[in-house]
Amino acid sequence: MANSLIADTRIPEQLQQIQWAGLAEKLDVFNAASAGCISLTSMPAELATKPGSHYETIRFKTIASLDARADVAADGDITTLKLETNQGASVLQTRSLGPVEVSDDFSDRSLSTPALVASNLGNQFAQAQLQALRNNAIANAVAAATNAYSAAHYTDNTPGAAAGARVPFTAAIAEGMLNDLADARDLAKIWVMPSIVFSNLVTANLAYSNLDSVAGSVLNNGMKYSFMGLPILVVDAPALTMAQTSSYYTKYGVMLLGDNATSADIVSEKPVETDRNGVANSPTTIFRGQYTANFNITGAKFDITNGGINPTDATMNTSTNWDTDGDDHREFPLVLNLVNSIA
């Protein structure tokens, strides 16, 4: 498959350059919006130093009874304490991009150019990677919150049957989430919620003084929203919307996150490969990419024994596969509450 034109879609270099450049920009924007609480990165060199199906994260254990009364009247030495570490497991998942078929005459029939086709496919690869990393990072956080630390940071506020009153997100619920962190509430950096909860919050809680209005209609004046002193990240990730049967209201997840609460890092990425069917009526190029992502939750560890290596999305997002990795619940910078919409 020799071809001298890099602008041709059959040469994957341009496609991958667009993919990586686009992904880097998208990740930077998302990470800035999440205040570093949901960290998405691409670091192919990491796998060289931390090989295997997963690697162990190191966490210093909290020393119990570190400060105690000194019995100056007693003989003998004070019992010494030890500084120790725990190892929690993140999990690696190998993911595939494509394969995608593109016929040689596609650019002609679509009135585009080979370069435009390659750029579009590269951008779609990057967007698909961003969504996969984001959705799994958030789904892992939702799963871990419902299991780690005996669910000390998880509350389901929703009613049972639809006859009960809806429970939308309110300042009282938000204060309860902050209280779940006890005296470590300063760890909280950002609210994460689906768009419908954000819309309810604007309607019922956020002051209209932050908004412009024209002819009685409220318009956003470009200011960033905050609630109880913390910024808001609006993300319609599937794990934050839980559809119920017809007799129950849909549940929506609202998360309160601290620094690096959940992360997804691309640790290895293979070059985009191509294959050719040159004997078809319209010769076709097949594009396929593959990469490995490492998912981690601060204060929780993935149960490799139960979840296995290279788990499916569903297995990785299962709550019972995320266990406690800490000595105190305040080492877990993540709080989850389930609420309803206003209507």
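A residue counts as buried when its relative accessible area is under 20%. Keep that cut-off in mind for this predicted model, because Arg95, with a relative accessible area of 19%, falls on the buried side of it.

Arg95 also has a charged partner: Arg95 makes a salt bridge with Asp313, and their closest N and O atoms are 2.9 Å apart. Arg95 sits in strand β4 (residues 91-103) and Asp313 in helix α8 (residues 313-316), so this pair ties together parts that are 218 residues apart in sequence. Asp313 itself is partly exposed, at 32% relative accessibility.

A search of the whole structure turns up seven salt bridges. Here are some of them.

| Salt bridge | Closest N and O atoms |
|---|---|
| Arg95 and Asp313 | 2.9 Å |
| Asp105 and Arg109 | 3.3 Å |
| Arg330 and Asp328 | 2.8 Å |

As for the Arg330 pair, Arg330 is partly exposed at 30%, and Asp328 is partly exposed at 22%. Those two also belong to a salt-bridge network with Asp183.

Now for the nonpolar side of things. The largest nonpolar core has 53 residues, and the members touching the most others are Ile38, Leu40, Val192, Met255, Leu257 and Trp322. Helix α4 (residues 114-145) supplies the largest share of this core, 14 residues. Apart from this core lies another one of 22 residues, including Leu178, Tyr225, Phe227 and Leu256.

What does Ile38 contact, leaving aside its neighbours within four places in sequence? Its partners are Phe30, Asn31, Ala137, Ile138, Val192, Leu233, Leu257 and Thr262.

How values were computed
Residues are numbered from 1 along each chain as its sequence is written. This is a predicted model: local features need pLDDT of at least 70, side-chain atom pairs count only at pLDDT 80 or more; totals for chains, interfaces and linings use all residues. Side-chain values use heavy atoms; hydrogens and water are left out. A nonpolar core is a set of buried Ala, Val, Leu, Ile, Met, Phe, Trp, Tyr and Cys residues joined through side-chain atoms within 4.5 Å. Buried means under 20% relative accessible area, exposed over 50%, partly exposed in between (1.4 Å probe, protein chains only). Helices (H or I, at least four residues) and strands (E, at least two) are DSSP runs, numbered from the N terminus. Contact means heavy atoms within 4.5 Å. A salt bridge is a side-chain nitrogen of Lys or Arg within 4 Å of a carboxyl oxygen of Asp or Glu.
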